[in-house]
There are 2 protein chains.
Amino acid sequence: MEAELSDPQARIYAFINEYVREHGRPPTNREIGGAVDIQSTGHVDYHLTILEKKGYIRRERKKSRGIILMHSEPRGLRIEGTIAAGVPLDIYPDARDTLDLGEHTREYVLQVRGQSMIDDHIADGDYVLVDRDAAINDGDIVVATHTVATADAGAATLKRIYKEQDRIRLQPANSTMDPIYVSKAEWDHEWEVQGKVTAVYRRF
Amino acid sequence: MEAELSDPQARIYAFINEYVREHGRPPTNREIGGAVDIQSTGHVDYHLTILEKKGYIRRERKKSRGIILMHSEPRGLRIEGTIAAGVPLDIYPDARDTLDLGEHTREYVLQVRGQSMIDDHIADGDYVLVDRDAAINDGDIVVATHTVATADAGAATLKRIYKEQDRIRLQPANSTMDPIYVSKAEWDHEWEVQGKVTAVYRRF
DNA sequence: TACACTGTAGAACGTGAGTTCTATGCTTGC
DNA sequence: GCAAGCATAGAACTCACGTTCTACAGTGTA
């Protein structure tokens, strides 16, 4: 697809990428020249024109630092396809798409301790991304805190939430554990929902 | 920590953030003025000086578009602490740290189908991040492909890998499934490891 | 009332920075 | 050997852009 880059062009392109990463803004033509040892700004412009023609960059004419990097992978990761965790007979379909790990901007992160959500495959050591502002629906996994000043004050727990007739059920995903029932009154006054789990992340 | 922002300062700060997100470079003082309806560039400079004093931005003096956003969360997410998935008696310790979802640059993504890694809590629909270049060790979860031209050619599978005496064991994490054994010779010629799973991601 | 603080406008200065033009070596293929 | 193409230098031009200075109006406080 893309035309090959000559050596000076490749160096310039690499420098622009590096400069943007480091400074949060594109370099000027003179800064590029200084970095790749080109004395003339006109000469830099010449190479930029080629880079533009080859599709590596775009430029906003007459604007300072007007270089726009194309293909600057926007913090997304390519989804190559699906993979069989089962029998090795399935193939890669080309479900071309992008997984944007940067889409989580409102969330904060908690690291999970314990086994109570294990049946939902949230394991000890996993990270959960919690959205403070999301709407809570029945069956959502939430972070709930008991706020009254008792022995377990400030205690937070990770559970699925279900609104029943006169009470709230906080349901662990672990068959060996019992749900917690909280009356509506107690719920309103003594408990607080810190947010809803929108994603799980695990490192190996 | 941070001083409050006055209305014009908040508008300017918001505009800078938005502009950077959209254009990949900071705005000029005149562009800021145009956006927040300030006629004088000196006036914009006045507000920027305050924003700098209050710690919201830094500036590289005399450089065009020299505004540097502080706290521009560098695609990382704050880890607020740990949370008990078990009994609601545990508390938030302040394990202040940052989870950098942008650290995955070499990996590509596959979406998992099937249940064969379920005992490792990799569920149907989860995304696995696969590193092509990582060193493979015993017990790692890998993407393996059978490359010979048979019925299941090109088939990829997600398994834990173990090197045994004269064979390779591809072990599913599902007690109802049996491991696949591959002889060393067959392994070298007919199989290919596409990479090692470095992380798991699940959206709700 | 006077002083301090914030918000605003206008103008002017000096340099930053994109652009354009002319010239000159290098290869490489015909 | 000559044309074509790439890489390079230097200079000049024209705005873009950060900075500085003066002035003034509104608001709150001592």
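**Figure 1. Contacts of the protein with DNA strand C in a predicted model.** In this predicted model, a polar side-chain atom of B:S64 lies 2.7 Å from a phosphate oxygen of DNA strand C, a polar contact being a pair of N or O atoms within 3.5 Å, where, within protein, one atom must be able to donate a hydrogen and the other to accept it, and residues adjacent in sequence count only if both atoms are side-chain atoms. Of the atoms of DNA strand C that come within 4 Å of the protein, 61% belong to sugar and phosphate. At least two residues of this surface are supplied by each of helix 2 (29-36) and helix 3 of chain A and helix 1 (7-23) and helix 3 of chain B, where helices (H or I, at least four residues) and strands (E, at least two) are DSSP runs, numbered from the N terminus. The residues near DNA strand C comprise three nonpolar, 12 polar and eight charged, with Ala, Val, Leu, Ile, Met, Phe, Trp, Tyr, Cys and Pro counted as nonpolar, Asp, Glu, Lys and Arg as charged, and the others, Gly among them, as polar.

The model is predicted, so local features need pLDDT of at least 70 and side-chain atom pairs count only at pLDDT 80 or more, while totals for chains, interfaces and linings use all residues. Residues are numbered from 1 along each chain as its sequence is written, chains are lettered from A and ligands numbered from 1 in the order in which they are written, and side-chain values use heavy atoms, with hydrogens and water left out.

**Figure 2. The surface near DNA strand D.** DNA strand D is surrounded by 24 residues, and the closest are A:S6, A:Q39, B:R30, B:T41 and B:R65. Sugar and phosphate make up 61% of the atoms of DNA strand D that come within 4 Å of the protein. A polar backbone atom of A:Q39 is 2.8 Å from a phosphate oxygen of DNA strand D, and a backbone N or O atom of B:R65 likewise lies 2.8 Å from a phosphate oxygen of DNA strand D. In A:H47 it is an N or O atom of the side chain that is 3.3 Å from a phosphate oxygen of DNA strand D. Helix 3 of chain A gives the most to this surface, with four residues. By type, the residues near DNA strand D are three nonpolar, 13 polar and eight charged.

**Figure 3. Helix 1 and helix 3 of chain A.** Helix 1 (residues 7-23) and helix 3 (residues 41-53) of chain A pack at an angle of about 85°, with their axes 10 Å apart; axes are lines fitted to C-alpha atoms, for helices over the stretch in contact, and angles run from 0 to 180 degrees between N-to-C directions. Helix 1 of chain A is therefore roughly perpendicular to helix 3 of chain A, a label given to angles of 65 to 115 degrees, while those under 35 count as roughly parallel, those over 145 as roughly antiparallel and the rest as oblique. The contact (heavy atoms within 4.5 Å) joins A:P8, A:Q9, A:I12, A:Y13 and A:I16 of helix 1 to A:H47, A:L48, A:I50 and A:L51 of helix 3. Seven of the contact residues are nonpolar, two are polar and none is charged.

Figure 4. In helix 2 of chain A, A:E31, A:I32, A:G33 and A:V36 are buried, which means under 20% relative accessible area, with exposed meaning over 50% and partly exposed in between (1.4 Å probe, protein chains only). These buried residues pack against helix 1, helix 3 and strand 2 (67-69) of chain A. Just after helix 2 of chain A, A:D37 takes a positive phi of about 65°. In helix 2 of chain B is found B:E31, which is buried, with a relative accessible area of 19%. Leaving aside neighbours within four places in sequence, B:E31 is in contact with A:K63, B:F15, B:Y19 and B:R65.

**Figure 5. The surroundings of A:I168.** A:I168 lies in strand 9 (residues 167-171) of chain A and counts as buried at 1% relative accessibility. Although A:I168 and A:V182 are 14 residues apart in sequence, they are 5.1 Å apart in space, C-alpha to C-alpha. Not counting residues up to four places away in sequence, A:I168 touches several residues, including A:I161, A:Y162, A:I180, A:V182 and A:W187.

Terms used. Near = heavy atom within 4 Å.
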